[in-house]
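Hi there,

Here is the structure I promised to pass on to you. Have a look at it first, and my notes follow below.

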Amino acid sequence: MTETDHVADASVPSGTGDLDDAIVSVEREFGALFVQLRNRMRLQAQELHPQVQPFGYLMLSALLRSGPMHAGALAEALSADKSLVSRQASQLEQLGLLRREQDPADRRATYFTITDEARGRLDRIIGNNRRELRAGLTGWNVEDVRVFARLLHRMNEF
């Protein structure tokens, strides 16, 4: 029996085998995970800069992953309103974490890019996250970690 089997056995009511009971267990675990992620996001935003809001942290993380983006594209990538992105961008720009640059392809348009300061801070935070995740998964066998990654990917495809 793998670690994944033990976790599944612990969270699904025994003896029912009922899909509805399993779905209730998934909902319960997602709720707990959401609270943990929200708290972690708030702490990471504060670590980045005491005045950065969690959404600002998400914006900078998206720009780190994807590179420079126009406001509309960033709003779409984060499923957010463009006005929220614009307000957060102004704050991040004042803090020296984000720059607006003119788009060379369309001189009327600008795009957002992160500053070297933001990149350094995000790299440090991401490195810490990766170490914590590694420490938490050290007791799992490698195949269970791969299965977990595949299942998370399937959930993100919804």
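How are helix 2 and helix 3 oriented relative to each other: roughly parallel or roughly perpendicular? Before the answer, please keep in mind that this is a predicted model.

Helix 2 covers residues 19-48, and helix 3 covers residues 54-66. The angle at which they pack is about 75 degrees, and their axes lie 8 Å apart. Angles from 65 to 115 degrees count as roughly perpendicular, so that is how helix 2 and helix 3 stand to each other. On the helix 2 side, the contact is made by Met41, Arg42, Gln44, Ala45 and Leu48. Helix 3 brings Pro54, Tyr57, Leu58 and Leu60 to that contact.

The patch is formed by Val26, Phe30, Leu33, Leu37, Met155 and Phe158, and together they have about 600 Å² of accessible area. Of these, Met155 is found in helix 7, which spans residues 142-156.

Ser79 sits in the loop between helix 4 (71-77) and helix 5 (82-94). Its phi is near 50 degrees, which is a positive value in a residue other than glycine. Most residues other than glycine have a negative phi. With 71% relative accessibility, Ser79 counts as exposed.

Best wishes

Key
Residues are numbered from 1 along each chain as its sequence is written. This is a predicted model: local features need pLDDT of at least 70, side-chain atom pairs count only at pLDDT 80 or more; totals for chains, interfaces and linings use all residues. Side-chain values use heavy atoms; hydrogens and water are left out. Patches are made of residues with over 30% relative accessible area and no salt bridge: like charges are joined within 9 Å, nonpolar side chains (Val, Leu, Ile, Met, Phe, Trp, Tyr) within 5 Å. Accessible areas come from the Shrake-Rupley method with a 1.4 Å probe; for residues, only the protein chains shown count as cover. A salt bridge is a side-chain nitrogen of Lys or Arg within 4 Å of a carboxyl oxygen of Asp or Glu. Helices (H or I, at least four residues) and strands (E, at least two) are DSSP runs, numbered from the N terminus. Axes are lines fitted to C-alpha atoms, for helices over the stretch in contact, and angles run from 0 to 180 degrees between N-to-C directions. Angles under 35 degrees count as roughly parallel, over 145 as roughly antiparallel, 65 to 115 as roughly perpendicular and the rest as oblique. Contact means heavy atoms within 4.5 Å. Buried means under 20% relative accessible area, exposed over 50%, partly exposed in between (1.4 Å probe, protein chains only).
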